[in-house]
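Student: I would like to learn how to read a ligand shell and a helix packing. Please go through them in order.

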Amino acid sequence: MNAQGGTILVLGGGGFIGRHAVRALRERGVRAIVGTRHPGRRRGAAHAGSDADAAEAYRETHFERLCAPEAWAPVLEGVTAVVNCVGILRQRGRETYDRVHHRAPAALAAACAARGLRLIHVSALGLESPARSRFLTSKRAGEAALRASDADWHIVRPSLLDGEGGFGARWIRRVAAWPVHPMPRAAGGQIAVLDVRDLGEALATLALGDGSRHGGVREHDLGGLHARTLAEHLAAMRALRTARPALRIAVPDILARLAAHVCDLLHVTPFSFGHWELLQRDNRPAFNALPALLGRAPRTVGVAPSAIDDASPASASPAPPTWPSACEP
Ligand SMILES: NC(=O)c1ccc[n+]([C@@H]2O[C@H](COP(=O)([O-])OP(=O)(O)OC[C@H]3O[C@@H](n4cnc5c(N)ncnc54)[C@H](OP(=O)(O)O)[C@@H]3O)[C@@H](O)[C@H]2O)c1
């Protein structure tokens, strides 16, 4: 299906990833509607930014109320494809991981299958390893529901994202500026941080059906140019502001895990038990589909490894590896 000229519903379209998907679609002249729990608030913000066209294009969606396929009927009215960028870091009342990450996407997939709509679902890397966090297991269950559906589905798994306005990205940039970088000892997994603008473009390409050249591939792991540990990523972000490297302090794992639980309990910072589990394993694509979806190399995030001062702790470790791309541009 090619949705060119149609109307694409971006669920979570006011969020960090969703905003960039909406922007990329509108830049291609496509009508994009934003799914949000708060259309009034989002509309007000768009008016304040004098974006009158954008201000009209909202549809109220509460995933915790959309766990049956028939509930999606009014939401999908007049829509030709759907991009699902909804996710929660922490549960609140009826907004549980199971409803938001699993049951609502499962119902959405069934509703899309019944209407012949393409569904692009944003998930995350690192879900295949055993996990205790319900944040992670619910996302895995959501992916499985899509695979089991008859929808024209695509699953997109980005590594960590950088960009303006993201909750996690803002925190990483803030911590990078600190003169001391506390780092859990076990946080040795590699990430391949990508620019959220690149992800927005890749989502638009898939939603518009331009991804047909990927020969039937429906699961797309996406990463940026460099594979780094979190400590190396912090150093690369810090190097954008100063040549002085931060002092890296190893935090015992038990303390890091405790801190993750406290953050979950108090709903503060993006550091959660799920992220504590993710930090201990690689979260970079085995095959990076991003260059092929973009038709160019991904944007650089942070200072390139070769440009980081030799005195920096990040450069004390071997050069970050590159990995095969699914389809070289
Ligand atoms: N950020 C990253 O580095 C990253 C990396 C890999 C994967 N991901 C995944 O990508 C997804 C989106 O991440 P993000 O960074 O864009 O998060 P975000 O900025 O918090 O956006 C999430 C969006 O979900 C919507 N939402 C939340 N609860 C909802 C509910 N109950 N019903 C309907 N909509 C709801 C919110 O829309 P309203 O507030 O407008 O209702 C919000 O705009 C998540 O699943 C995340 O795990 C993120």
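**Ligand shell and helix packing**

Tutor: Helix α1 gives the largest share of the shell around the ligand, three residues. Helices are DSSP runs (H or I, at least four residues), numbered from the N terminus. This is a predicted model: local features need pLDDT of at least 70, side-chain atom pairs count only at pLDDT 80 or more, and totals for chains, interfaces and linings use all residues. Residues are numbered from 1 along each chain as its sequence is written.

Student: Which residues come nearest to the ligand?

Tutor: A residue is near a molecule if its C-beta atom, placed from the backbone, lies within 6 Å of it. Here 28 residues are around the ligand, and G12, G15, T36, R37 and G87 come nearest. α1 (16-27) and α7 (167-177) each supply at least two residues of the shell.

Student: Is α9 buried or exposed?

Tutor: A residue is buried if 20 or more other C-beta atoms, placed from the backbone, lie within 10 Å of its own, exposed if 12 or fewer. In α9 (residues 230-238), nine of the nine residues are buried, so the helix is largely enclosed by the rest of the structure.

Student: At what angle do α7 and α9 pack?

Tutor: Axes are lines fitted to C-alpha atoms over the stretch in contact, and angles run from 0 to 180 degrees between N-to-C directions. The angle between α7 and α9 is about 75°, with the axes 8 Å apart. The two helices are therefore roughly perpendicular (65 to 115 degrees).

Conventions: Angles under 35 degrees count as roughly parallel, over 145 as roughly antiparallel, 65 to 115 as roughly perpendicular and the rest as oblique.
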